[in-house]
Amino acid sequence: MTQAFELDITGDVCPMTLVRVRMALDKVAPGGVLRIKMAAGEPVASIPRTLRDEGHELVSLERSGEHFEASFRKKP
C-alpha cells in the first residue's frame, strides 16, 4: 500500500500555494498520493488545473465544510 502525504494550504495565498504543493510533490514517490486541503476560490481553480497539466492524476476533489480536499496521484 502506498503512503499518502497530506498538505494543508488553507492559510496560504498564490504563489505560495503552488510552491508548497510542488515541494510536497517532491516528497511523494511516483504513483503515490498527495492529499491537499485548500481554501475555496483561486486554489481550487488553479491547483488541479496546474497538476493535471503536469501529468498528475486528480483522484478526487470534494468540499469539506469551508474548504476543499483534493487527492492527486503523482505521475509515474
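Q: Contact means heavy atoms within 4.5 Å; with that in hand, which residues does T50 touch beyond those up to four places away in sequence?
A: Keep in mind that we are looking at a predicted model. T50 lies in helix α2, and its relative accessibility of 18% makes it buried, because the limit for buried is under 20%. Once residues up to four places away in sequence are set aside, the residues that T50 touches are L18 and R22.

Q: Which residues have the most contacts inside the largest nonpolar core?
A: This core has 15 residues. Helices α1 (16-27) and α2 (42-53), together with strands β2 (33-39) and β4 (67-73), each supply at least two of its residues. The residues with the most contacts inside the core are I9, V21, L34, I36, M38, I47 and L51.

Q: Let's follow one of these core residues: what is I47 in contact with, leaving aside its neighbours within four places in sequence?
A: I47 is among the residues with the most contacts inside the largest nonpolar core. Its number falls within α2 (42-53), one of the elements that supply at least two residues to that core. Leaving aside neighbours within four places in sequence, I47 is in contact with I9, T17, L18, V21, I36, M38 and F72.

Q: Over how many bridges do β3 and β4 pair, and in which sense?
A: Strand β3 covers residues 57-64, and with β4 it forms a hairpin that has two residues between the strands. Within the turn, G65 has a positive phi of about 70 degrees. The two strands pair in the antiparallel sense, over seven bridges.

Q: Is S71 buried or exposed?
A: S71 has its place in strand β4. Not counting residues up to four places away in sequence, it touches V33, L34, R35, E57, L58, V59 and S60. Its relative accessibility is 11%, which is under the 20% limit, so S71 counts as buried.

Q: How far apart in the chain are the partners R35 and E6?
A: The side chains of R35 and E6 meet in a salt bridge, with 3.6 Å from N to O. R35 is partly exposed at a relative accessible area of 41%, whereas E6 counts as exposed at 64%. The pair links distant parts of the chain, R35 in strand β2 and E6 in strand β1 (residues 4-8), and the separation is 29 residues.

Q: What is the distance between the closest N and O atoms of D12 and R20?
A: D12 is partly exposed, with a relative accessible area of 21%. R20 is partly exposed too, at 29%. The two form a salt bridge, and their closest N and O atoms are apart by 2.5 Å.

Q: Which strands does the salt bridge between E57 and R73 link?
A: The side chains of E57 and R73 meet at 3.7 Å, N to O. E57 is partly exposed, with a relative accessible area of 44%, and R73 is partly exposed at 33%. The partners are 16 residues apart, and the strands they link are β3 and β4.

Q: How many salt bridges does the count come to?
A: The rule asks for a side-chain nitrogen of Lys or Arg within 4 Å of a carboxyl oxygen of Asp or Glu. Pairs that meet it include R35 with E6, D12 with R20 and E57 with R73. By this rule the count comes to four.

Q: What accessible area do M16, V19 and M23 have together?
A: M16 is found in helix α1 and is partly exposed, with a relative accessible area of 41%. With V19 and M23, M16 forms a nonpolar patch on the surface. Together these residues have an accessible area of about 270 Å².

Q: Is the peptide bond from C14 to P15 cis or trans?
A: P15 is found in the loop between β1 and α1. The omega of the bond from C14 to P15 is near 10 degrees. This peptide bond is cis.

Definitions and conventions. Residues numbered from 1 in each chain as written. Predicted model: local features only at pLDDT ≥ 70, side-chain atom pairs only at ≥ 80, totals over all residues. Heavy atoms only, no water. Core = buried A, V, L, I, M, F, W, Y, C linked by side-chain atoms within 4.5 Å. Buried < 20%, exposed > 50% of the residue type's maximum accessible area, 1.4 Å probe, protein only. Helix = DSSP H or I, 4+ residues; strand = E, 2+ residues; numbered from the N terminus. Contact = heavy atoms within 4.5 Å. Pairing = 2+ DSSP bridges. Patch = residues over 30% accessible without salt bridge, like charges linked within 9 Å, V, L, I, M, F, W, Y side chains within 5 Å. Areas by Shrake-Rupley, 256 points an atom, 1.4 Å probe, with all protein chains shown as cover.
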